[in-house]
Amino acid sequence: MPIGLFDTTTPMLALQDEIRDRVAAVLERGVYILGPELEAFEREFAEYLGVRHTIGVGNGTDAITIGLRALGVRPGDEVVVPSFTFYASAEAIVNAGGRPVFCDVDPDTRNVTPDTVQAVLTPRTKAVISVDLFGLPAPSPALRELGLPVLEDAAQAAGASLDGRRAGSLADLATFSFYPSKNLGCFGDGGAIVTDDDRIAELARALRFHGSRDKQTFEYVGYNSRLDEIQAAILRVMLPELDGWCDGRRAAARAYSETGIDRYVMPPFEPVGAEAAWHLYVATHPRADELIAGLRDHGVGARAYYRTPLHRQAAMAPFAPVASDALPVTEELARTNLALPMGPTLDDECVREVVAALAAISG
Ligand SMILES: Cc1ncc(COP(=O)(O)O)c(C=O)c1O
């Protein structure tokens, strides 16, 4: 049996009937945008995270764009962002009017640190984006001590925690994506901004509706970006399952360790105090592409992430660092990473098969 990189179907099977009922209820009500399902989801997600406000938006990219605007980023402001992340983390800065300034990451956690951020700060730096990469929370509380607003891009980290606090509650503002393959994924596009700050929340809420607070008068040039009622209803069914799904992912990560995966690749690292959400299980190997091809021949889903880091993407050329060797850890991780199968229902037998395939390829 082939083993896919993700399995977004199996965890859903037990929820199908309830989801059908909840979607049918939305259709009967006939309210599709900014209605009671979104209001309830916003309350429930805020409670889950332990924050005061959730603002549902159209996707995780809009969440970052609107979030940066709500944090006060203005045209020309610099925003520090890792280069080893999904493109949206930097694209959103440009769409908010800012200039991405790329920083390096820690080789073990693959996340930004106060040192990697500090290395690129200038008097024009307005904010920092800390990405919880692959589901491991970045040290956002330590970054806040640098004295700049921090936006936690928690798109990959729903269900993770750091020192007992949930990912999404670690910075001035955090953003989520509910893209279907995410740990908490809906049946289309969806996203959220979360914050404890009443003023930032109010501004974000206005910006997601064309910059208006009352739908009659328009204070800002904003966006048309809302999490719709059908997606909110689906997410309300899924949210109570999130912790159980993360436990399943953690069990799979433990199984990889116990099956001796470190004989074949360098496995991912989880620092003391962090509980990763294991959105992806990303190892490294000097010949990662060969292993990926070999695993695929054995019916095992594997792929590289961010092989071309953001500072070397064509659209980011105006923002690339001048020195070509400015981000050595990023370059190395981009070249050597490989993601292996991971999911809430990936059982020990599948993990053993993945490791056996790696053993066969490694000869
Ligand atoms: C780290 C990161 N940030 C932002 C996004 C953007 O989310 P979306 O696809 O919902 O716009 C994603 C996911 O796609 C992501 O992985």
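I took a patch to be made of residues with over 30% relative accessible area and no salt bridge, where like charges are joined within 9 Å and nonpolar side chains (Val, Leu, Ile, Met, Phe, Trp, Tyr) within 5 Å. A salt bridge is a side-chain nitrogen of Lys or Arg within 4 Å of a carboxyl oxygen of Asp or Glu; accessible areas are Shrake-Rupley values with a 1.4 Å probe, and for residues only the protein chains shown count as cover.

The model is predicted: local features need pLDDT of at least 70, side-chain atom pairs count only at pLDDT 80 or more, and totals for chains, interfaces and linings use all residues. Residues are numbered from 1 along each chain as its sequence is written, and side-chain values use heavy atoms, without hydrogens and water.

Entry 1, surface. I found a nonpolar patch of about 280 Å² made by Leu27, Tyr32 and Ile33. Tyrosine 32 lies in the loop between helices H1 (16-29) and H2 (36-49); helices (H or I, at least four residues) and strands (E, at least two) are DSSP runs numbered from the N terminus.

Entry 2, strand S9. I looked up residues 191-195: 5 of the 5 are buried (under 20% relative accessible area), so S9 is largely enclosed by the rest of the structure. Gly191, Ile193 and Thr195 point one way, Ala192 and Val194 the other.

S9 pairs antiparallel with S1 (residues 53-57) over 5 bridges, with glycine 56 opposite alanine 192. S8 (residues 173-177) also pairs antiparallel with S9, over 4 bridges; here alanine 174 faces valine 194.

Conventions:
Buried means under 20% relative accessible area, exposed over 50%, partly exposed in between (1.4 Å probe, protein chains only). Two strands pair if DSSP finds at least two bridges between them.
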